[in-house]
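Hello,

Here is the structure I promised to pass on. Please open it first, then read my notes below.

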Amino acid sequence: MKTKLFFTALMLAGAAAMAQVHVDFDKSIDFKKYKTFRFESGKVIRKLGVTDTDNTFMDANVKQAVTRDLEAKGLTPSDIHPDIIVTYLAGAREKQEVQNYISNPGFFYPYYRFYGLGGWWGPQWNNFWVSRYEEGTLIIDMLDAKTDQLVWRAYAVAHINNFNEAKFVDKEVSKSFRHFPPKV
């Protein structure tokens with residue numbers, strides 16, 4: 001019984017560790033008309049809402065990942081008259097999760113103890129533990145360069161070990177651009 005609970009908890013923890021990526025876009029826009037893009041530095045939000053604009057590691061990681069994925073989709077980087085402007089907002093915060101495990105020392109089904117059907121009224125206890133983790137959010141915005149209107153947005157939320165880690169950024173950006181350009 002304890003083994004089943006352990007594997008169930010392990011599977012749930014693995015599912016919770018997967019990133020959630022959501023994409024939203026303006027359905028009236030024809031994305032095939034966009035051929036060039038320019039990347040603009042984004043913002044990193046630290047604890048208590050403090051903006052870190054000098055985070056060159058995060059900026060370089062996001063720029064590299066976005067440029068790689070957009071070039072793979074057929075767009076060309078251009079600083080002169082781009083069709084779209086790409087920027088980002090990133091943040092991380094510490095979260096905690098409380099977990100509970102009810103254990104019983106008996107060999108009988110749990111309801112036997114309550115109804116006295118051959119079971120024994122042995123002690124039962126709860127085990128609680130708190131796990132702390134860092135949750136990172138990466139929002140990528142694409143704006144039409146002529147109208148300055150938001151045309152596409154992707155945001156990813158995931159458990160992370162190191163917020164500036166290039167592997168985390170690459171993975172989330174790749175997931176975000178998996179279905180770009182969107183099909184209406």
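H81 is exposed, with a relative accessible area of 72%, which puts it over the 50% that exposed requires. H81 has a positive phi of about 50 degrees, yet it is not a glycine. Look for H81 in the loop between β5 (76-77) and β6 (84-103). Bear in mind throughout that this is a predicted model.

D148 also deserves a look. Its phi is near 60 degrees, a positive value in a residue other than glycine. D148 sits in the loop between β7 (125-144) and β8 (150-160). Is D148 buried or exposed? With a relative accessible area of 53%, D148 is exposed, because the cut-off for that class is over 50%.

Now the overall layout. The chain has four helices and eight strands. From the N terminus on, the elements run α-β-β-β-β-α-β-β-α-β-β-α. Of the 184 residues, 34% count as buried. Take the contacts between residues at least 6 apart in sequence: 75% of these join residues at least 24 apart.

Next, the helix pair. Helix α2 covers residues 56-72, and helix α4 covers residues 166-176. Their axes come within 9 Å and cross at roughly 35 degrees. The crossing of α2 past α4 is right-handed. On the α2 side, the contact is made by M58, N61, V62, A65, V66, R68 and D69. On the α4 side, A166, V169, D170, V173 and S174 take part. Which classes of residue make up this contact of α2 with α4? Seven are nonpolar, two are polar and three are charged.

A few more points on α2. Its 17 residues should span 24 Å at 1.5 Å a residue. The end C-alpha atoms of α2 are 24 Å apart, which agrees. The buried residues of α2 are M58, D59, N61, V62, A65, V66, T67, D69 and L70. Just after α2 comes G74, with a positive phi of about 100 degrees.

Then the aromatics. The structure holds seven aromatic pairs. In one of them, the rings of F25 and F31 have their centres 6.1 Å apart. Their planes stand at 80 degrees, so the pair is edge-to-face; the cut-off for that is over 60 degrees. Both F25 and F31 are buried.

The F31 and F180 pair links distant parts of the chain, 149 residues apart. F31 is in the loop between β1 (20-25) and β2 (36-39), while F180 is in the segment after α4. F180 is buried, like F31. Which residues do the ring pairs link into a cluster? They are F25, F31, Y34, W152, F177 and F180.

One last item at F180. A cis peptide bond joins F180 and P181, with omega at about -5 degrees. P181 lies in the segment after α4.

Begin at H81 and D148, where phi is positive in residues other than glycine. Go on to the right-handed crossing of α2 and α4. Finish at F180, which is in the ring cluster and is joined to P181 by the cis peptide bond.

Best regards

Methods:
Residues numbered from 1 in each chain as written. Predicted model: local features only at pLDDT ≥ 70, side-chain atom pairs only at ≥ 80, totals over all residues. Heavy atoms only, no water. Axes fitted to C-alpha atoms, helices over the stretch in contact; angles between N-to-C directions. Helix = DSSP H or I, 4+ residues; strand = E, 2+ residues; numbered from the N terminus. Left-handed = near helix turned anticlockwise from the far one by under 90°. Contact = heavy atoms within 4.5 Å. Nonpolar A, V, L, I, M, F, W, Y, C, P; charged D, E, K, R; others polar. Expected span 1.5 Å × (residues − 1). Buried < 20%, exposed > 50% of the residue type's maximum accessible area, 1.4 Å probe, protein only. Phe/Tyr/Trp six-rings, centres within 6.5 Å; stacked < 30°, edge-to-face > 60°.
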